[in-house]
Amino acid sequence: MVGEDLEWLLLLLHQLVVWGAAGAMVFGGVVPYIPQYRDIKRTQNAEGFSSYVCLMLLVANILRILFWFGRHFESPLLWQSMIMIVTMLLMLKLCTEVRVLNEVNTKRCSFSATDSKDEELRAHPKRSFLDFDLNCFWHWSRFTDYVQCVLTFTAVMGYITYLSLDSVLFVETLGFLAVFTEAMLGVPQLYRNHQNRSTEGMSIKMVLMWTSGDTFKMVYFILNQAPLQFSVCGLIQVMVDVTILLQVYIYSGYRQKPVPHTTQTASAKAL
């Protein structure tokens, strides 16, 4: 009887650990954005947050969801992608509203023309359908333009994926691109530190949070036998984090340079 009770207790503890790990995978990636969101909303200043982080995470997680149709993987990873997409859209909505509110320049950029009476379109009739100006890309003045871009990308990639699901090479490449894009999130920070020969303005605690979170993800991928792409790119992500920590040590002896406020801050990276 005691043995059965002990076995039941161990099974319960194991199940609780599994549920806890799954919950950490699903919600862990969005945790850093909660204080970031609240700070932007409180200060009405979004200069310290790069909207390109949202772009990279949206692309990565949309591709990951499409990859699931070609090769099913752990459900928590699928739910993580869905929640991350919603989080990034909320961040974009807030950043766009704040940026437009503080914008002195009256020029408006749009992804598509939805209202023929729009003054900007009348001033620039050649931009009557899509705005392909690279200077305007991902710097649009309305949240709906970002949504339209995301939906267009999803529709195009979804259609291509549907036609190519029978191709093992395409499916595996899609999975690699999904996780590789996310793994590269720390590279802009790495490059900025190298360029400035300084880590001034970067939160060491946040980098440690990246490293611990990415290490947890990599171990989770390995233990749950996730597709090889996840484990390999998880390892790359950890290596980028460790390299940034090495930069902190190396550049600590250098004379620190002031970092402009408009550069991407450490809190802009996902766990």
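**Note on aromatic pairing and helix packing**

1. The count of aromatic pairs comes to 12, where rings of Phe, Tyr and Trp (its six-membered ring) pair if their centres lie within 6.5 Å. One of them joins Phe221 and Phe230 edge-to-face (planes over 60 degrees apart), at 5.3 Å centre to centre and 75° between the planes. Phe221 and Phe230 are both buried (under 20% relative accessible area, 1.4 Å probe, protein chains only). Ring pairs also connect Phe67, Phe73, Phe221 and Phe230 into a cluster.

2. This is a predicted model, in which local features need pLDDT of at least 70, side-chain atom pairs count only at pLDDT 80 or more, and totals for chains, interfaces and linings use all residues. Residues are numbered from 1 along each chain as its sequence is written, and side-chain values use heavy atoms, with hydrogens and water left out.

3. Helix H8 (residues 187-196) and helix H10 (residues 228-251) have axes that come within 10 Å and cross at roughly 20°; helices are DSSP runs of H or I, at least four residues, numbered from the N terminus, and axes are lines fitted to C-alpha atoms over the stretch in contact. H8 and H10 are therefore roughly parallel to each other (angles under 35 degrees).

4. Contacts (heavy atoms within 4.5 Å) bring Val187, Gln189, Leu190, Asn193 and His194 of H8 against Val240, Thr243, Ile244, Gln247 and Tyr251 of H10.

5. An unreviewed UniProt entry places "transmembrane region" features at residues 12-31, 52-71, 77-95, 143-162 and 229-251; such annotations may be inferred rather than shown by experiment. Residues 77-95 are 100% helix, with end C-alpha atoms 27 Å apart. Residues 143-162 are 100% helix, with end C-alpha atoms 28 Å apart.

Notes:
Helices (H or I, at least four residues) and strands (E, at least two) are DSSP runs, numbered from the N terminus. Rings of Phe, Tyr and Trp (its six-membered ring) pair if their centres lie within 6.5 Å; planes under 30 degrees apart count as stacked, over 60 as edge-to-face and the rest as tilted. Buried means under 20% relative accessible area, exposed over 50%, partly exposed in between (1.4 Å probe, protein chains only). Axes are lines fitted to C-alpha atoms, for helices over the stretch in contact, and angles run from 0 to 180 degrees between N-to-C directions. Angles under 35 degrees count as roughly parallel, over 145 as roughly antiparallel, 65 to 115 as roughly perpendicular and the rest as oblique.
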